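Take a look at the protein below. Keep the side chains in view while you read.

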Amino acid sequence: MARDCSDCSLLRWRVFDRYTYLNLSGVGSLMFRFSIAVGLLLLAVALHGVIDSPRSEAQGVVTGTATLPNSTPAPADPIQHIVILIKENRSFDNYFGTFPGADGSRTAQTSDGQTVSLLHTPDHTLIDINHAGDAAKVAVNGGLMNGFDKLQGAIQDGQDIALSQLYQSDIPNYWRYAQTYTLDDHFFSTINGPSFPNHLVTVAGTSNNTDDNPILNTYHSWGCDAGPYTKVDAVNPQTGQHYYTKPCFDINTLPDELQKAGVSWKYYAPGQFQSGYIWSALNSIQHIRNSSLWQTNVPDTGQFVKDVKDGTLPQVSWLVMNEGVSEHPPHSSCAGENWTVTQLNALMKSPLWSSTAVFLTWDDFGGFYDHVAPPRHDYISYGPRVPTLVISPYARAHTVDHTPYDFGSIVRYVEDKFHLPRIGEYDRAATSIADSLNLTQQPLPPLTLDTRTCPPGAYLTSTALKGQVTGVINQPQQRAVFILTSTSPDPAKLVVAGQSVVQTKDGKTIGLRYLQKGDHVNAAGVPTPDKALVYLGNRITDMDVEVVHDQIGFVTRWNAKQLSLAVHVSGNMIVTVTLKTPTRFSGPRNGSGRPMLVRGDVIGISGVINTRQHRVIGPATIHYYWQANSKSQIRRGRRVL
């Protein structure tokens, strides 16, 4: 385990995977080390029954404190506040692949066997990259780590953004934290998938077998508030069998155990149906969402800084944020870094800094390349590495910690600190992240940083999309339009909700049913973290559709059997109309009630015309004005020549 060990004590218990061993740093000869080890072993035998070292039933990991007769008692734990700050969708190589001393890479393996240099990630990407459960399996490819270039959304404006990384100049403040405190370079996302299951692990030590984000959900909700149609993919972790379940669970969580033990806690997150509410993981825990704890212990994200300034920060905190400052592509890394700096500056300027440990992590790889194959625990874990920083007066200074960790490692640290039981399978299997701390070192000073001026577009919340319609969903469960743009070979999906506007080029509102495959559209949407290339449609303008009212034309063809007629309207355009229900026709009919029309009859059309297809779409109203070769007015008292 490579690290700067200037602050290591002479003898220190270390935990790695399933083995406990002694680190004899600073001792010179091998024989002397052996003598020390034998002496310690004999001393332990002699003191059998005096030393109290309770062990985990899962791993045999030391969790208690050994006390020797007449020895100096262990110092009190100076950390009184734990903050778990969770950002979005970046791999380790994407953020710290060029960090000195870290296990990073500047090159990538492609699916066709090439080794290529990683490109430069733009601050604000054009679109998201697919990182769902199925996509993560493609990317990892059984540990070969060569499927990232095959992900939907990887190609943006002709460049493979999945195979790209940021530099120190792009995220200088994150690098300052990494240079000053501890950077964990083998911290893996627990679930090989996207945000939802990994956020669950941070509060429950398990994803409850889920490996993907929920679908068919109410906008800005993934949990118990997500609506009647919502469901999420789950996998039997031992057999690999998939099934769907509702993302509203009644499982034991770390907040439950903290509550029982009298340890104060809060989960700071955006409010109901606000941007970022999807990451409020406790919304998926039914007995918390529907209890008084939801009002008392799940405040809005903005309350975090206020509690810090008031000195009322609880012993354990989770902190998540809205999409615009989450760093979830296509959102800006600079804007997200500025937000993080603001939160940490508030903490470092307060008296709480001296007793706080912050675990700053990212929830999943976001589709970005990483070269280290994750270890296999079961069918859904583990996923690619994510950046993780331990920021505290007691973080190991200037250190890159190579120990394998995951989100279960943070849960286990909290459990060990407050003597809580294991709550899930991943905290049982994890190595505690406590090893990134040194509680006996001289406390490190705070590092307050300046926020930066971000590149243009960093705070842009809406994305312009121009292209052609490739499909339309118009079902009770979901309404959406698929648009193929010039920036990506994959179509974007615009979810049409209550606030969405579908309109013609002259601003007249129309229904979603009037959009046809192949229509040219100009749209604006807010990117969502649901899946790659998914947006909430603010406005969708169909450039090929017109709304007409009493548009005058004359019949050029009439098919009485199919009830179809062609009409010559203004601009020398001929459009097709079908006189079937629900289209209404007011004019002469025969004895069986069928419309009677002949070539040359003058009619008026009210409805929606697709000028690209030259046809009237959906229900219309056809008024009969004038019979061909007749000089008399027909029906409506209006002469048309």
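What follows covers charged pairs, aromatic rings and charges over rings.

This is a predicted model, in which local features need pLDDT of at least 70, side-chain atom pairs count only at pLDDT 80 or more, and totals for chains, interfaces and linings use all residues. Residues are numbered from 1 along each chain as its sequence is written, and side-chain values use heavy atoms, with hydrogens and water left out.

**Salt bridges**

Side chains of opposite charge can pair when their charged atoms come close. A salt bridge here is a side-chain nitrogen of Lys or Arg within 4 Å of a carboxyl oxygen of Asp or Glu. The count comes to 15 salt bridges.

| Pair | N to O distance |
|---|---|
| R385 and D93 | 3.2 Å |
| R289 and D225 | 2.9 Å |
| R422 and E415 | 3.1 Å |

Start with R385 and D93, which form a salt bridge. They link distant parts of the chain, 292 residues apart. R385 sits in the loop between β16 (356-362) and β17 (388-391), while D93 is in helix α2 (residues 92-96). Helices (H or I, at least four residues) and strands (E, at least two) are DSSP runs, numbered from the N terminus.

Are these two residues buried or exposed? Buried means under 20% relative accessible area, exposed over 50%, and partly exposed in between (1.4 Å probe, protein chains only). R385 has 0%, so R385 is buried. D93 is also at 0% and counts as buried. A network of salt bridges links D93, D370 and R385.

Next come R289 and D225, another salt bridge. R289 lies in helix α7 (residues 286-289), and D225 in the loop between α5 (195-204) and β12 (232-235), so the pair ties together parts 64 residues apart in sequence. R289 is buried at 13%, and D225 is buried at 17%.

**Aromatic rings**

Rings of Phe, Tyr and Trp (its six-membered ring) pair if their centres lie within 6.5 Å; planes under 30 degrees apart count as stacked, over 60 as edge-to-face and the rest as tilted. There are 19 aromatic pairs. F92 and F96 have ring centres 5.9 Å apart and planes at 40 degrees, so this pair is tilted. Both lie in helix α2, four residues apart, about one turn of the helix. F99 is buried at 7%. One aromatic cluster is formed by F92, Y95, F96, F99, Y174, W175 and W362.
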